[in-house]
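Welcome! Please take a look at the model shown here before reading on.

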Amino acid sequence: MSTPQLVVHRDKELMAQAAAARLITKIVDAQASRGSASIVLTGGRNGNGLLAALAAAPARDAIDWARLDLWWGDERFLPEGDPDRNVTQARAALLDSVPLDPERVHAMPASDGPHGTDVEAAAAAYAKELGRAAGPENRGAVPAFDVLMLGVGPDTHVASLFPELPAVRETERTVVGVRGAPKPPPTRVTLTLPAIRAAREVWLLAAGEDKANAAAIALSGAGEIQAPAAGARGRSRTLWLLDTAAASQLPRSLYPPATP
């Protein structure tokens, strides 16, 4: 796994804009070299802020949206169209305004879908969908995502992997159901650390003073069971994208003086 790198921006707006520009470049480069790109989206204020910035970026038109696969790192197990679902928020922020191929938008199952309220069955179905998309060149049972984005919670959770809960301890399955999450809603579907680590690049997004302690813990050598963000690493690159508030408890030596 790669060693974390940090980029710290002046504020959350600049962070979102810079991350959106960085993502456009990654998608265009992947499409040029491999014909398509595969991205894992994240929800929350930072993930949605990035999508809104991407929607507003003129360079978004450089992306061939029909050759882009979109996946999710986790989802709230709620009915289709519920405003709290990550996919609902992503559609409002960006997806409904760009010409995606609907067959390549891989939303996690809803609680009123074919699996009903059986969250483990929903997780198993998403794992199968990931497996079908994994080519022979991919490692494990998921595609080699070009970029997998994760928001970092104040408790260091990423996706729906919360400290000390069973999901963060999973070492074999790529997708699991979560019950009893400390953050509402309590029932969720999430990628596991093995699936996250299959990505070429993992980007962790954190902005705001309420994320400062989590960033400091995760980047100080904490274990992944106690601090799941510490275990989120990409195969070739792990990038922490922060604003100055989220980086306020980090030693200045951790990131370059020239970081804007």
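This is a predicted model: local features need pLDDT of at least 70, side-chain atom pairs count only at pLDDT 80 or more; totals for chains, interfaces and linings use all residues.

## How α1 and α2 pack

Two packed helices are described by the angle between their axes and the distance between the axes. Let's begin with helix α1, residues 12–34, and helix α2, residues 44–56. As for handedness, the crossing of α1 and α2 is right-handed.

Which residues make the contact between α1 and α2? On the α1 side you will find Met-15, Ala-16, Gln-17, Ala-19, Ala-20, Leu-23 and Ile-24. They meet Asn-46, Gly-49, Leu-50, Ala-53 and Leu-54 of α2. By class, the residues of this contact are nine nonpolar and three polar, with no charged ones.

## Salt bridges

Side chains of opposite charge can pair when their charged atoms come close. In this model the count of salt bridges comes to 15. One of them joins the side chains of Asp-11 and Arg-10, with an N to O distance of 3.3 Å. Asp-11 counts as partly exposed because its relative accessibility is 24%, while Arg-10 has 55% and so counts as exposed.

There is also a network to look for in the viewer: Arg-34, Asp-146 and Arg-200 are linked by salt bridges.

## Pairs that span the sequence

Glu-201 and Lys-26 form a salt bridge through their side chains, at 2.6 Å from N to O. This pair links distant parts of the chain, with Glu-201 in strand β8 (residues 201–206) and Lys-26 in helix α1, 175 residues apart. Is Glu-201 buried or exposed? Glu-201 has a relative accessible area of 8%, so it is buried. Lys-26, at 28%, is partly exposed.

Another salt bridge forms between Glu-120 and Arg-173, whose closest N and O atoms are 3.5 Å apart. Glu-120 sits in helix α4 (residues 119–133), and Arg-173 sits in the loop between α5 (166–169) and β6 (175–178), so the pair ties together parts that are 53 residues apart in sequence. At 33% relative accessibility, Glu-120 is partly exposed. Arg-173 counts as partly exposed too, with a value of 41%.

Definitions and conventions. Residues are numbered from 1 along each chain as its sequence is written. Side-chain values use heavy atoms; hydrogens and water are left out. Axes are lines fitted to C-alpha atoms, for helices over the stretch in contact, and angles run from 0 to 180 degrees between N-to-C directions. Helices (H or I, at least four residues) and strands (E, at least two) are DSSP runs, numbered from the N terminus. A crossing is left-handed if the near helix is turned anticlockwise from the far one by less than a right angle, and right-handed if clockwise. Contact means heavy atoms within 4.5 Å. Ala, Val, Leu, Ile, Met, Phe, Trp, Tyr, Cys and Pro count as nonpolar, Asp, Glu, Lys and Arg as charged, and the others, Gly among them, as polar. A salt bridge is a side-chain nitrogen of Lys or Arg within 4 Å of a carboxyl oxygen of Asp or Glu. Buried means under 20% relative accessible area, exposed over 50%, partly exposed in between (1.4 Å probe, protein chains only).
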